[in-house]
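The stops below each begin with something to select.

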Amino acid sequence: AVSQAGFALSIPLILLSTALMAYTCWLIVKHMHDPGLGGTAIELSDIVLYYLGGWAKRMSQAFSFLTALVTLIIYWIVMSDFLYFVIVYGVYSQQQQPQDNPSNSSLPGGLFAENDRDSDACYANGTNVVGNARNENIGNSDFHSVWKVINTTPFFLAAFVFPLLHFKSPTFFTKFNALGLISVVYVLLFVIVKASIFGNRLEHTKFAEAKVQFPALTGVLAFAFNLHNSVISIMRSQRHPQNNRRDLMIAFSGVCITYLVIGILFFASFPALASCIQPIFLDNFRHSDIMAFTTRLSLLFQIFTLFPLVAYALRAQLLHTIFGSAYPGFLWVFLLNAGIVIVCIIWARFFPDIGSILRFSGAFLGAVTQFILPCACHVVSLRRDGLLRARDIILHTLICLIGLLNCAGQVIIIYQ
């Protein structure tokens with residue numbers, strides 16, 4: 001996404017997106033304690049119902065369901081990718097790199113090199129080839145004929161994940177949430193170490209580079225900052241609610257710094273054309289690279305424990321909306337979980353383009369849940385209190401227009 005926006009636009013776009021998302025998220029937190037809601041809202045749809053009516057609540061719920069489902073699809077694609085390379089590392093860790101890829105040693109930092117001059121190869125300076133590690137020739141064994149990153153791994157993954165989706169309570173998986181910080185710190189360390197090995201490969205002309213495909217970055221950022229559907233659940237248990245605003249700003253600032261370090265630093269140091277960077281950037285590294293393996297393994301475990309939590313949240317909201325109960329019976333829970341897994345497998349098998357999924361879902365779903373609904377609720381609240389001013393209308397209308405323009409940008413760049 002950074003390569004599509006250009007270096008000059010990426011940093012201000014990340015900062016601007018952080019500010020906008022933090023503000024609209026704060027609007028939700030601000031109104032969760034409104035007196036008309038009985039003291040505290042349970043979720044975003046409660047605020048929407050109070051200020052905008054039942055039609056808006058149904059819209060909010062539908063977009064919340066879709067956001068959770070898309071999150072699960074992305075998790076499945078990423079888990080399939082990481083699981084593939086983790087198993088390959090375990091099977092081939094004792095073997096040397098394939099002899100038909102002599103250029104592997106010519107690329108720094110464990111990057112995977114390709115020699116085949118085909119459409120999948122990505123060339124730097126005409127000789128060094130930075131490729132997709134999914135294309136790495138790791139042998140023609142029976143194992144490799146069965147273990148394929150797209151064709152089979154998503155199906156094998158179901159055997160591990162599906163049984164975990166039937167728990168009545170996700171409490172067990174919440175115990176692993178603290179490990180998320182460790183995973184993030186290690187990813188940051190991984191990028192910093194690799195960048196120090198690569199060195200500064202950013203040509204002076206690229207500092208001023210800005211591309212018209214920048215909506216690809218804003219679409220991805222919209223999904224990356226999508227905390228709006230769950231922020232009430234997080235903040236409701238806050239011991240000191242008077243610090244909600246401070247804590248929310250700290251959280252968004254931390255996420256912004258993480259994205260800047262990983263996205264900008266890796267882009268600036270990448271020793272090849274920016275178009276060579278894979279949507280899952282770890283795919284640029286050989287399966288035998290120990291740091292890449294450790295990063296894949298830690299992220300795989302983290303996402304593996306997050307998947308049942310998100311699936312539970314989707315299941316509880318959807319079944320409660322339909323049946324009035326989060327657990328109407330084993331049969332309904334089984335059928336819904338099976339449907340979720342089937343949808344995830346289909347997307348991972350036939351449309352594993354995680355970049356397109358991120359930017360389109362982030363832009364179109366985020367336009368409603370991150371821009372329009374929070375701003376509309378806030379404006380209605382100000383009007384009811386007699387505090388609405390012209391500048392409030394202008395400001396929040398512009399924010400909504402930014403969300404809509406982000407949607408339009410995703411469509412426009414397809415035809416460029």
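A residue is called buried at under 20% relative accessible area, exposed at over 50%, and partly exposed in between, using a 1.4 Å probe and protein chains only. This is a predicted model, in which local features need pLDDT of at least 70 and side-chain atom pairs count only at pLDDT 80 or more, while totals for chains, interfaces and linings use all residues. Residues are numbered from 1 along each chain as its sequence is written, and side-chain values use heavy atoms, with hydrogens and water left out.

**Whole protein**

Of its 416 residues, 49% are buried.

**Aromatic pairs**

Next, show the side chains of Phe, Tyr and Trp. Their rings (for Trp, the six-membered one) pair if the centres lie within 6.5 Å; planes under 30 degrees apart are stacked, over 60 edge-to-face, and the rest tilted. The whole structure holds 19 aromatic pairs.

Select Trp147 and Phe156. Their ring centres are 5.5 Å apart and their planes meet at 40°, so this pair is tilted. Trp147 counts as buried because its relative accessibility is 8%, whereas Phe156, at 36%, is partly exposed.

Move to Phe323 and Trp332. This aromatic pair is also tilted, with 5.0 Å from centre to centre and 45° between the planes. Phe323 has a relative accessible area of 38% and is therefore partly exposed; Trp332 is partly exposed at 43%.

Then select Phe190, Phe198, Phe266, Phe270, Phe281 and Phe285, which form one aromatic cluster.

**The second largest pocket**

A pocket is found on a 1 Å grid over the protein atoms alone: it is an open set of points where a 1.4 Å probe fits, with protein on both sides within 12 Å along at least five of seven lines, and its lining residues have an atom within 4 Å of a point. The second largest pocket holds about 240 Å³ of space, a volume filled by probe spheres set on the points, which are joined across faces, edges and corners.
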